[in-house]
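Let's take a walk through this structure together, one stop at a time.

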Amino acid sequence: MAKNFYAVATGRRPGLFRTWDECQLQVKGYPKAVFKGFKTEEEARQFLRQHGVELAGGAPGDAQPAAAAAAAARRPALDAAPAQPRKRRAEDAGGSAATKRPAAAAPRAAAPRAAAAAAPRAAAAAGPAAAAATGRVFRLEFDGGSKGNPGPAGFGAVLYDDASGVEVARLCQYIGDHNTNNQAEYAGLIAGLAAALELGCSRLKVQGDSMLVINQVLGRWQVKTDGLRPYHRLAQQLARRFDHFEAKQVLREFNQAADALSNQAVDDYRSGANRQKWTLEGAAAAAEAARAGAAGLAAQLHAADAELHGGQAAASGAAAAAAAAAEGKGAEAAAAAAAAEGDGSSGNSGGEEVPAKRARRDG
């Protein structure tokens, strides 16, 4: 009997799945994935229970760890994209590099969301996975594809917490009817970078299966195609906003979730499920708004800091002046008392004579 139920205890999304293709999307390339195929649904459910995973709604694909069942609702399962011919590529291998930058002087402002026509469809994880990202390392997987090259194109991107492997956000969006593979790849990278910044991420690892995009963003390869230059420029601008940024090219089988999302973006647009389009102009405008917002926040923090320190300095100066005045009045009173004592007695009580008495004796 064929295996009709696949239980994923540890993966991108734990749960019960009907097909191997759906299961594979959750475990392929996922570190230390735990999964198994079963002939019956009850056997699969038992396997999940043994690994601490409870099915929330009783339906396959709807599961969450028992310890987190009351903490947050799980995201909808990733729809398995129909089999599509792979997009044509000239690139197939590559490397990685990292750049480190000093920490920013002021906290990064959260980027405003782009206009609806330009913003990618995204689902951010609820709860702590999407909050307090500062200081944590995120991993971005991105992909893009064109059915015709050039032709109808879309991108996919997935953000993970790098330490735990927990998915933080996923994005997919149609970009146009006459775009190339490489333009779609760049769009996926740009959208993923913007989403990471919006979540407050300052340390990012990027991986994709496009050798061209990875090497151009890292500055190893020149951008010789006019149609890619504005994409490359915006991607580098966003990459420079991270305190730590590194990127590497990976084999296609380790990028399947983002690849499935890029196909889904085209299919959703064609079917009418999502008729919004991502545009480079909209992404650039959103990036500039985010940059201006961060700069404005830094200026406000600087002004507040200067005002605070200025007020403290003024208060300290006033206190010092008051103390000096009090000390001067005390000295004048002591001198007056000493003079009165000299005028009313014929000698000193053993101390050094004051100058006024010496002057009268000498005279």
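Start at phenylalanine 35, which has a relative accessibility of 34% and so counts as partly exposed. Before we go further, keep in mind that this is a predicted model.

What does phenylalanine 35 pair with? Its partner is tryptophan 20, and together they make an aromatic pair. Tryptophan 20 is also partly exposed, because its relative accessibility is 35%. The structure holds eight aromatic pairs, and this one is of the tilted kind, with 6.1 Å from centre to centre and 35° between the planes. It links distant parts of the chain: tryptophan 20 belongs to helix H1 (residues 20-27), while phenylalanine 35 belongs to strand E3 (residues 34-38), 15 residues apart.

Now for another pair. Planes under 30 degrees apart are what count as stacked here. Tyrosine 174 sits in strand E10 (residues 167-179) and tyrosine 269 in helix H6 (residues 256-271), so the pair ties together parts that are 95 residues apart in sequence. Are these two tyrosines buried or exposed? Both tyrosine 174 and tyrosine 269 are buried. Tyrosine 269 has one more neighbour to look at: the charged end of arginine 275 sits over its ring, 4.0 Å from the centre.

Rings can also join up in groups. Phe155, Tyr186, Tyr231 and Trp278 are linked by ring pairs into a cluster.

Tyr231 leads us on to helix H5, which covers residues 229-239. Tyr231 is buried there, along with His232, Leu234, Ala235, Leu238 and Ala239.

Our last stop is histidine 244, in strand E12 (residues 244-249). Its relative accessible area is 7%, so histidine 244 counts as buried. Its side chain is joined to that of glutamate 246 by a polar contact of 2.8 Å. Histidine 244 and arginine 203 are 41 residues apart in sequence, yet their C-alpha atoms are 4.6 Å apart in space.

Note on methods: Residues are numbered from 1 along each chain as its sequence is written. This is a predicted model: local features need pLDDT of at least 70, side-chain atom pairs count only at pLDDT 80 or more; totals for chains, interfaces and linings use all residues. Side-chain values use heavy atoms; hydrogens and water are left out. Buried means under 20% relative accessible area, exposed over 50%, partly exposed in between (1.4 Å probe, protein chains only). Helices (H or I, at least four residues) and strands (E, at least two) are DSSP runs, numbered from the N terminus. Rings of Phe, Tyr and Trp (its six-membered ring) pair if their centres lie within 6.5 Å; planes under 30 degrees apart count as stacked, over 60 as edge-to-face and the rest as tilted. A charge sits over a ring if NZ of Lys or CZ of Arg is within 6 Å of the ring centre and within 35 degrees of the ring normal. A polar contact is a pair of N or O atoms within 3.5 Å; within protein, one must be able to donate a hydrogen and the other to accept it, and residues adjacent in sequence count only if both atoms are side-chain atoms.
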